[in-house]
Amino acid sequence: MPQAFSFTLHKTDGMARRGTVTTPHGPVETPAFMPVGTQATVKGLYPEAVEGTGAQILLGNTYHLMLRPGAERVAALGGLHKFMNWPHAILTDSGGFQVMSLATLRKLTEQGVTFRSHIDGTKYELTPERSIEIQALLGTDITMQLDECLKLPAPRDEIERAMQLSLRWAERSKRAFEGHARGGYGLFGIVQGGDDVPLRQQSARALTGIGFHGYAIGGLAVGEPQEVMLKVVEETTPVLPAGAPRYLMGVGTPHDILEAVARGVDMFDCVMPTRNGRHGMAFTRFGQINLSNARHADDPRPLDEESPHPLARTYSRAYLHHLTKANEILGQVMLSTINIAYYQALTAGMRSAIEAGRFAEFRMAVLDGWRKGDLPPR
């Protein structure tokens, strides 16, 4: 019988936390990075390859899946896990961010948002209730409330308006979630409030009062400087319940993740590992390496002979450079895999360091490795 959703906090080291999220499709060890499988696929990669990087959870997206192939169709085919052949946990974003950023002719009301599909112009309505219904049809392990995500910077009164609307939608999302008979699955509320710390804390307290299985911090990494994002995170996480997982949505670079874990965040997602991989960029313990640079053309070294993933240890930089310059699909697939594997190795290293009470030392060692960079061959 599948296990019900729960969170166990095993150890803290400063504000950094080591835990386990238990879901109906298995455990997720935190800190955790979720590869983005927006349209029921991590772009270009077999599910088995994603699993081989160490990933225990993927992110899917309500907006994209409701448009194509349709939530009812996925449900009829056995749910998202079976549809995409992914046996582990899945979290679905509610679709709010994509409606605001992709849809055309959208209209926001208290009830929800009506919009036209960016694919074919078909008109849709997405309400908190419909978002929850779609995610239930998909069968995802962690459901997100529908919220309004503003681009920053924005006027304070507009930030407060969106935050208050998101809180009202949070209450409706919870009622809708409880109306779908899916015992054992999780629902996360989303903290909004832009770059205004008091509004963030107000949102966090109100969501805690409503009561969710976990809490996300949304509406960051949308153009604001990193120091602003980290200040908001640092001032928000202490207001959230210690006994629930904390998820920083859409973040980010390895440095963002390292610093956010230091400020009490447990879960992350970002398209960066695969998007950058498709453009010849590799994430490594030496920092980011641009394989399109000519200096790699004659370099026989692997990207990282100490990487836990065989692709990073086996193939030469010269070969990866060739694939990148030739615009070969294989190069994009390999670098996407290598990048996800690096993110998984980074979070695994954080987990071990927190368990050992050495997170501060681990953080400094990682930063030092990035600072020294990728040394040329001798």
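How many cavities of 30 Å³ or more does a search of the whole structure find? The search finds 2. This is a predicted model, where local features need pLDDT of at least 70, side-chain atom pairs count only at pLDDT 80 or more, and totals for chains, interfaces and linings use all residues. Residues are numbered from 1 along each chain as its sequence is written, and side-chain values use heavy atoms, with hydrogens and water left out.

**The largest cavity**
- Its space comes to about 60 Å³; a cavity is a set of points on a 1 Å grid over the protein atoms alone where a 1.4 Å probe fits but cannot get out.
- Lining residues (those with an atom within 4 Å of a point) include V28, F33, I57, Q344 and R351.
- Strand 3 (26-30), strand 4 (32-35) and helix 14 (329-355) each give two or more residues to this lining; helices (H or I, at least four residues) and strands (E, at least two) are DSSP runs, numbered from the N terminus.
- The lining holds 5 nonpolar, 3 polar and 2 charged residues.

**The second largest cavity**
- About 60 Å³ of space lies here too.
- Among the residues that line this cavity are E148, L150, M163 and G219.

- Eight strands form an open sheet in the order 4-14-13-12-11-10-6-5, with parallel pairing; two strands pair if DSSP finds at least two bridges between them.
- At the edges lie strand 4 and strand 5 (57-61), each pairing on one side only.
- Inside the order, strand 6 (residues 89-93) and strand 10 (residues 142-144) pair in the parallel sense over 2 bridges, and L91 stands opposite I142 in strand 10.

Conventions
On a 1 Å grid over the protein atoms alone, a cavity is a set of points where a 1.4 Å probe fits but cannot get out, and a pocket is an open set with protein on both sides within 12 Å along at least five of seven lines; lining residues have an atom within 4 Å of a point. Grid points are joined across faces, edges and corners, and a volume is the space filled by probe spheres set on the points. Ala, Val, Leu, Ile, Met, Phe, Trp, Tyr, Cys and Pro count as nonpolar, Asp, Glu, Lys and Arg as charged, and the others, Gly among them, as polar.
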